[in-house]
Number of protein chains: 2
Amino acid sequence: LPDIYPKANYIDLTGGNLLFKGKVANPSSIGFHNRDLVLQIIEKKGQVSRAELAKLTHLSEPTISAIIEGFLQKDLVREMGPGASVGGRKPVIIEFNPGVGYVIGIDAGGTWTKIGISDFGGKFILKEKISSKELGLGEKAVFELAKRVNQVIEKCGMEKKKILGVGIAVPGIADQDKGMVSFSPVFQWHGFPLVKMFFSELDLPVFIENDLNASAIAEKQWGLAQEYQDFVFLGVSRGIGAGLILNSELYHGHFYAAGEVGYMILGTDCLKQKESPEDLALGRLESMVAEAGVVKRAKELGFTIKKEEKFRDNIMGFSAEDVVKAARDNNEIALQVLDEITDYLASAIINITLVVNPQAVVIGSSIEGAGEILAELLRNKTASSFLVKPLILPSSMGTDAGLIGAASLAAQNIKQTLIS
Amino acid sequence: LPDIYPKANYIDLTGGNLLFKGKVANPSSIGFHNRDLVLQIIEKKGQVSRAELAKLTHLSEPTISAIIEGFLQKDLVREMGPGASVGGRKPVIIEFNPGVGYVIGIDAGGTWTKIGISDFGGKFILKEKISSKELGLGEKAVFELAKRVNQVIEKCGMEKKKILGVGIAVPGIADQDKGMVSFSPVFQWHGFPLVKMFFSELDLPVFIENDLNASAIAEKQWGLAQEYQDFVFLGVSRGIGAGLILNSELYHGHFYAAGEVGYMILGTDCLKQKESPEDLALGRLESMVAEAGVVKRAKELGFTIKKEEKFRDNIMGFSAEDVVKAARDNNEIALQVLDEITDYLASAIINITLVVNPQAVVIGSSIEGAGEILAELLRNKTASSFLVKPLILPSSMGTDAGLIGAASLAAQNIKQTLIS
């Protein structure tokens with residue numbers, strides 16, 4: 001082939017295929033970019049010498065040394081004892097310092113709200129779980145949540161100045177640029193300035209993201225999807241939704257509504273049903289497949305449970321957790337219900353895959369063990385239906401993906417500030 | 001809000017949100033990037049002075065002058081007479097020179113194959129259309145197509161050295177990096193080295209892309225979607241498929257199979273059907289909605305047509321073109337058929353929108369006028385079904401989107417080489 005075919009003359013670490021995107025390069029933006037890249041490599045590699053960094057990045061050793069000097073001054077990295085020598089003086093090893101600061105992660109879920117304190121490496125020193133109902137709705141939920149956050153900070157006994165920011169995962173459409181939640185039925189946050197409100201309560205930088213986007217961030221940053229360029233995190237809990245990492249970056253969509261697959265249509269009949277605004281609060285796929293659909297179908301099939309075994313009270317006498325737990329114990333009705341709902345979920349996964357052709361679909365749930373059961377059922381059910389087959393995997397973070405993602409969101413954003 | 005929130009200190013022209021993507025910045029890559037950006041601005045603006053370019057890019061006037069000097073030497077731009085003065089000497093106006101070279105565009109479609117010669121501004125000096133059946137299958141189709149291309153070049157009387165490359169739009173999965181067509185039932189190109197084969201026939205650089213990806217490129221580069229960051233080109237012809245522009249760039253998916261929505265499932269029944277390899281050649285949505293489905297349904301409803309009005313012979317006695325033409329003439333059966341198929345298409349558009357939340361869905365077809373009729377029906381049918389509503393628009397390129405996209409693909413790639 002002639003050499004007219006453009007070839008990259010720089011290294012590609014994250015799989016992105018464009019050097020810049022519509023921005024002019026100037027000394028300040030270039031410096032920031034290279035610092036960001038070097039810090040990413042240090043985090044990925046775990047331990048690395050200045051010489052290795054120079055080799056990996058094609059930056060000169062003096063440039064690398066200057067960058068590292070800046071990181072050391074800001075406590076972003078630390079020097080370890082000398083590493084293995086490759087002849088000559090043994091090199092000093094650099095590693096990321098996860099204790100450079102701490103962040104609050106909040107997963108404001110449909111059923112449970114979780115609050116945690118994590119270092120910059122994703123290690124949590126405290127996690128708390130409260131019923132979302134207790135928080136109330138609208139502004140009240142923000143005041144209550146802020147109060148709980150302060151209690152958690154107090155409980156862990158950490159100086160407040162060590163906490164550098166807050167990340168919040170929200171069920172619904174969250175616009176980080178405007179700091180607004182556009183649409184979130186669970187807390188009745190519609191056109192709601194969540195970032196501003198939370199900031200005035202806590203006096204800390206606040207970052208928001210859709211809960212399944214946050215879960216996808218968590219798997220990309222610290223979980224099973226670190227090497228995946230294109231994957232989908234599919235959450236099946238009180239609602240159904242997806243977070244999309246495309247070309248190694250979170251993809252938001254034009255109105256921050258990418259991945260709202262709970263509203264997916266699985267038959268043309270759905271088109272004919274006129275939907276009221278209340279119906280819109282529960283998607284078409286969701287109404288059949290999410291927790292309420294599971295409980296309803298189990299009830300129809302005669303599922304019952306002894307009172308003392310119950311997870312949560314529910315108007316039906318049992319909850320979706322109860323059905324999942326019974327399925328794990330091989331209860332036949334429970335297994336039938338999960339088999340039925342995975343028909344719908346399998347169709348949804350096939351359709352999502354046809355649109356964005358991901359390398360993997362990661363299944364998460366706020367119900368313990370549901371991700372594992374669903375992933376296995378879905379893998380079998382979709383096996384013969386793909387043009388090109390994605391991996392179907394349970395989340396590596398159990399029920400905590402949203403919480404971990406919220407912390408990661410805050411940590412990533414604050415790191416960018418520290419190096420800018 | 002505290003100033004910990006990162007703010008961009010550079011201009012954003014295409015809406016990308018990252019300065020670099022996982023690449024280190026060095027003088028050579030930075031130079032290439034800035035030349036690329038300046039050329040893009042010149043093309044977008046039409047006419048612009050050096051001073052305006054410096055202002056828009058935040059690059060210095062000497063840097064801009066050096067870049068323009070390089071472009072002038074390569075005939076990429078030309079100087080026009082002085083523009084309007086803003087006080088002082090009137091500035092010299094720069095514009096892109098579309099005649100810097102010519103490219104061959106090929107749209108190898110399910111029914112028709114089109115060949116055209118275009119300048120670097122998307123202006124065609126010749127277009128030809130041949131029945132795809134005449135080309136044959138496999139390697140034979142390549143030899144035949146190359147022969148036709150040479151005839152077209154001869155016919156237009158252009159020196160061959162003015163033609164700098166060939167872009168081919170293919171119905172199926174095309175991997176530009178490997179130069180392979182992975183899957184294309186129409187020409188039976190499966191794991192087929194199309195780029196290498198075409199290059200050895202024509203001795204020109206060859207670029208391949210899925211036909212609907214090419215159509216999306218055409219709308220982004222020269223059509224109605226120049227300002228859209230996120231949109232979907234949905235093609236409804238012999239097959240059904242989509243091209244996705246996300247964050248202003250073509251999105252391919254992990255195995256180059258993004259947008260293969262012809263296989264979309266619109267009911268869980270589809271899961272139960274075991275599919276043979278032949279069935280896979282026609283998608284689940286396609287079998288109902290694409291040309292064969294239209295003809296079948298029209299036949300069921302008693303559609304007939306006078307022989308002298310027929311577009312193409314068909315085992316059914318008429319073709320999908322005939323049905324679309326009759327619908328445009330208000331034939332009741334034809335209108336009913338289109339109404340029925342748009343139920344399925346509407347569901348597909350809703351599902352695609354839920355996954356990637358585009359700003360617009362652009363409807364194209366190889367059937368004259370079909371894009372316009374379908375877009376209007378689909379707009380009405382989906383009106384109340386969206387959480388966030390995309391624009392639904394007919395392609396601005398009629399039946400030529402794939403051909404224009406193929407030319408654009410070649411022109412974009414060769415421009416990159418000219419400035420590198």
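1. Start with one pair of residues: in this predicted model, B:Gly116 has B:Lys127 of β6(B) as its bridge partner. The two strands involved, β5(B) and β6 (residues 124-131) of chain B, are antiparallel and share seven bridges. Look next at the hairpin they make: four residues sit between the strands, and B:Gly122 has a positive phi near 90° there.

2. Strand β4 (residues 102-108) of chain B runs antiparallel to β5(B), with seven bridges joining them. This hairpin of β4(B) and β5(B) has three residues between its strands.

3. How much of β5 (residues 112-119) of chain B is covered? Seven of the eight residues in this strand are buried, so to speak mostly covered.

4. Chain B also holds an open sheet of three strands, in the order β1-β3-β2 with antiparallel pairing. Its edge strands, each pairing on one side only, are β1 (47-49) and β2 (77-82) of chain B. From one strand to the next, the twist averages 40°.

5. Helix α3 (residues 61-73) of chain B lies across β2 and β3 of chain B and runs at about 110° to β2(B).

6. Which residue of β3(B) is the bridge partner of B:Glu79? The partner is B:Ile94. β2(B) and β3 (residues 92-96) of chain B run antiparallel, joined by five bridges.

Conventions:
Residues are numbered from 1 along each chain as its sequence is written. Chains are lettered from A and ligands numbered from 1 in the order in which they are written. This is a predicted model: local features need pLDDT of at least 70, side-chain atom pairs count only at pLDDT 80 or more; totals for chains, interfaces and linings use all residues. Side-chain values use heavy atoms; hydrogens and water are left out. Two strands pair if DSSP finds at least two bridges between them. Axes are lines fitted to C-alpha atoms, for helices over the stretch in contact, and angles run from 0 to 180 degrees between N-to-C directions. Contact means heavy atoms within 4.5 Å. Buried means under 20% relative accessible area, exposed over 50%, partly exposed in between (1.4 Å probe, protein chains only).
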